[in-house]
Amino acid sequence: MKRRDFIQKLAIGSVAAGSVLAAPAVHAKKTIKWKMVTTWPKNFPGLGTGANKLAELITQMSGGRLKVKVYGAGELVPAFEVFDAVSRGTAQMGHGSAYYWKGKIEEAQFFSTVPFGLNGQEMTSWLHHGGGMALWNQVYEPFGVIPAAAGNTGVQMAGWFNKQINSLEDLKGLKMRIPGLGGEAFKRAGGTPVNLPGGELFTALKTGALDATEWVGPYNDLAFGFYKAAKYYYYPGWHEPGTTLEATINKKAFEALPKDLQAIVMNACSVVNQDMLLEYTARNNAALDTLLNKHKVDMRKLPDDVLNKLRHLSEEVVLELAAKDKRSQKIYDSFSKFRKQVVDWHKISEQAYYNVRTKV
Ligand code: CA
């Protein structure tokens with residue numbers, strides 16, 4: 001009995017002490033709930049799961065003070081209305097990629113990817129340490145939206161083709177799903193670019209409605225089963241050499257957060273930005289091995305003269321975008337200066353190393 005009394009006293013004591021301590025803590029720990037709308041199907045490998053990871057990180061790092069709930073494309077708003085939803089405050093956060101808003105903000109494409117532009121590592125480097133982020137903030141500012149880099153696919157694949165590409169002639173009249181600035185360059189090379197959502201690509205390729213499609217890289221392409229619908233898998237992904245995924249944050253909602261939660265949101269974006277590139281690297285390696293060795297995919301490199309032509313046409317397309325207005329020109333100048341410098345540096349570092357490593 002004595003022992004039980006003692007235990008009860010202890011329990012009461014600890015509850016009492018706990019209550020005294022807990023009172024102000026409960027007050028400070030008011031839970032804030034945010035919605036994150038995304039351009040991806042719910043839980044889509046890499047892209048959708050990256051958005052999930054971002055939401056989980058913010059929730060965990062804040063000790064549950066800021067809870068973020070993820071909505072897949074179409075659950076709260078359709079994929080291509082994510083930016084507007086964040087701008088209006090329907091959702092406090094979004095996850096997508098800046099080139100989706102080109103109809104509204106053409107120069108936003110610089111912050112996703114540029115054909116023959118920067119790879120994933122270089123892109124983040126330009127954004128975080130080369131002046132890119134300040135320019136991106138200026139572009140989204142009038143919409144009350146704060147951008148953050150929140151994922152990267154790395155260099156993509158050129159795509160799946162049912163016709164061989166041996167010369168520039170073979171691009172003529174080729175019906176291919178290829179979006180963005182790369183799609184425009186492809187059009188100028190004589191191709192017919194088509195934009196279709198990911199979910200429709202397999203059937204379009206299988207039935208011959210499309211001659212070719214690009215998507216992402218081995219990891220995502222294996223999941224869609226494109227090897228069952230196309231004969232040839234071409235590389236490299238000249239049109240998307242390191243696509244940045246973005247988090248968009250409603251400015252008012254962000255400014256209403258205490259400083260520590262603001263830091264958590266921005267740092268969680270940085271973590272996911274890096275982590276997604278690492279995940280793609282690891283999963284692409286494994287998926288490429290499966291495609292080549294298990295499914296016996298016929299993988300080929302686009303001919304040099306085709307790539308050279310596409311590079312010239314891409315430069316033309318990008319220069320036209322830059323000439324649109326002063327701000328676009330300013331973004332292009334910053335981007336192209338960084339590209340020139342990083343190409344010079346990487347020529348004698350990463351590239352020189354890759355060349356010797358391959359020969360070993
Ligand atoms: Ca793509």
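This is a guided tour of the structure above, stop by stop.

Before you click anything, know that this is a predicted model: local features need pLDDT of at least 70, side-chain atom pairs count only at pLDDT 80 or more, and totals for chains, interfaces and linings use all residues. Residues are numbered from 1 along each chain as its sequence is written, and side-chain values use heavy atoms, with hydrogens and water left out.

**Stop 1: the whole chain**

Show the chain as a cartoon. The C-alpha trace spans about 90 × 50 × 45 Å along its principal axes.

Now switch to a surface. Its accessible area is about 17600 Å², and 57% of that belongs to carbon and sulfur atoms (Shrake-Rupley method with a 1.4 Å probe; for residues, only the protein chains shown count as cover). How many of the 360 residues count as buried? The share is 49%. Here, buried means under 20% relative accessible area, exposed means over 50%, and partly exposed is in between, using a 1.4 Å probe and protein chains only.

One more thing about the fold: take the contacts between residues at least 6 apart in sequence, and 77% of them join residues at least 24 apart. A contact means heavy atoms within 4.5 Å.

**Stop 2**

Q156 and E214 link distant parts of the chain, 58 residues apart. Q156 sits in the loop between β4 (145-152) and β5 (159-161), while E214 sits in the loop between β8 (212-213) and α8 (218-224). Both Q156 and E214 are buried.

**Stop 3: the largest nonpolar core**

Next, select F110, F111, W126 and Y140. Of the 55 residues in the largest nonpolar core, these touch the most other members. Such a core is a set of buried Ala, Val, Leu, Ile, Met, Phe, Trp, Tyr and Cys residues joined through side-chain atoms within 4.5 Å. Elements giving two or more residues to this core include α3 (82-88), α4 (120-129), α5 (132-140) and α12 (326-348). The most comes from α11, with eight residues.

Stay on F110 and show what surrounds it. Leaving aside neighbours within four places in sequence, F110 is in contact with M123, W126, V318, L321, S328, I331, Y332 and F335. Apart from this core lies another one, of 25 residues, among them M36, A51, A148 and C269.

**Stop 4**

Click S328, one of the contacts of F110. S328 lies in helix α12 and is buried, with a relative accessible area of 0%. Beyond its sequence neighbours within four places, S328 is in contact with E107, F110, L321 and A322. Try the distance tool on S328 and A108: they are 220 residues apart in sequence, yet 9.0 Å apart in space, C-alpha to C-alpha.

**Stop 5**

Go to strand β10 (residues 244-250) and pick out T248. Is T248 buried or exposed? At 0% relative accessibility, it counts as buried. Its contacts, leaving aside neighbours within four places, include F83, V86, H95, Y140 and I146.

Then move to helix α10 (residues 259-294) for N284. N284 is buried too, at 14% relative accessibility. Not counting residues up to four places away, N284 touches T153, G217, P218 and Y219.

**Stop 6**

Most residues other than glycine have a negative phi, and most peptide bonds are trans. Here are some exceptions to look up.

- The peptide bond from Y235 to P236 is cis, with omega near 0 degrees; P236 is in the loop between β9 and β10.
- N43 has a positive phi, near 65 degrees. Look for N43 in the loop between β1 (32-38) and α2 (47-61), where it is partly exposed at 46% relative accessible area.
- F116 also has a positive phi, near 60 degrees. F116 lies in the loop between β3 (93-96) and α4 and is partly exposed, at 21%.

Technical notes: Helix = DSSP H or I, 4+ residues; strand = E, 2+ residues; numbered from the N terminus.
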